[in-house]
Amino acid sequence: MPDAIELLKSRRSVKPREMSGPGPSPAELETILTIGARVPDHGKLAPWRFIVFEGDARVRAGEVIAKVFARKNPNASPAEIDVERRRLTDAPLVIGVVSLTKPHPKVPPWEQELSAGASAMNIVTAATALGYGACWLTGWFAFDRDVLEGLGLKADEKLAGLIHIGTAGKPGEDRPRPALTDIVTRF
């Protein structure tokens, strides 16, 4: 297992199309989800939940996405619809992080949504620490109520993201990172 600081300094996303199997074992998946639930959570509200897409579930989810896309884009070509159908099929595992805010006198919705984001990042970091490639993505369908309903989200839930996890086919490419002098001020 890599040193925690080195892991955090070198972590990078791996594109789902550059992933293959194997994905995490059942024990590794449980570890990833446990770490995903171990985030700052003011009020102990657990303002997030997870949807696991693996095996045929990835294909069934793609059918939901493709059906909504085809209905909302009647002039779409079969090839365009097929792209939508395959959205979750590159990586062997996709974890949906669902954000659900709850009324609370001391914990505003924004803070609860940030907790869901922290959960998604913990999932990415845990998968990376276990040696897998990981990528946190959204896309048009992550904000489309018809797709979300088809994936089992309730009307008051949002999709914080879909974390694609698999074996990286090649090392992830780094990208330029902001210089601290450009993003840090002192008060």
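**View 1. The side chain of serine 119 reaches the backbone oxygen of glycine 36 at 2.6 Å.** A polar contact here is a pair of N or O atoms within 3.5 Å; within protein, one must be able to donate a hydrogen and the other to accept it, and residues adjacent in sequence count only if both atoms are side-chain atoms. Please keep in mind that this is a predicted model, in which local features need pLDDT of at least 70 and side-chain atom pairs count only at pLDDT 80 or more, while totals for chains, interfaces and linings use all residues. Residues are numbered from 1 along each chain as its sequence is written, and side-chain values use heavy atoms, with hydrogens and water left out.

**View 2. Serine 119 sits in helix 5, residues 109-129.** Helices (H or I, at least four residues) and strands (E, at least two) are DSSP runs, numbered from the N terminus. With a relative accessibility of 0%, serine 119 counts as buried (under 20% relative accessible area; exposed is over 50%, partly exposed in between; 1.4 Å probe, protein chains only). Setting aside neighbours within four places in sequence, you will find serine 119 in contact with Gly36, Ala37, Val39, Trp48, Phe50 and Val97, where contact means heavy atoms within 4.5 Å.

**View 3. A cis peptide bond runs from glycine 21 to proline 22.** Its omega is near 5°. To find the spot, look in the loop between strand 1 (19-20) and helix 2 (26-36), where proline 22 lies.

**View 4. Lysine 44 and alanine 46 are in the loop between helix 2 and strand 2.** Strand 2 covers residues 48-54. Lysine 44 has a positive phi of about 50°, although it is not a glycine. Alanine 46, not a glycine either, has a positive phi of about 45°. Lysine 44 is exposed, at 77% relative accessible area, whereas alanine 46 is partly exposed, at 30% relative accessibility.

**View 5. Stepping back, the protein chain holds seven helices and five strands.** Followed along the sequence, their pattern is α-β-α-β-α-α-β-α-β-α-β-α. The radius of gyration is 18 Å, close to the 16 Å that the globule rule gives for 187 residues, so the chain is as compact as a globular protein of that length. That radius is taken over C-alpha atoms, and the rule is 2.2 Å times the number of residues to the power 0.38. Buried residues make up 37% of the 187.
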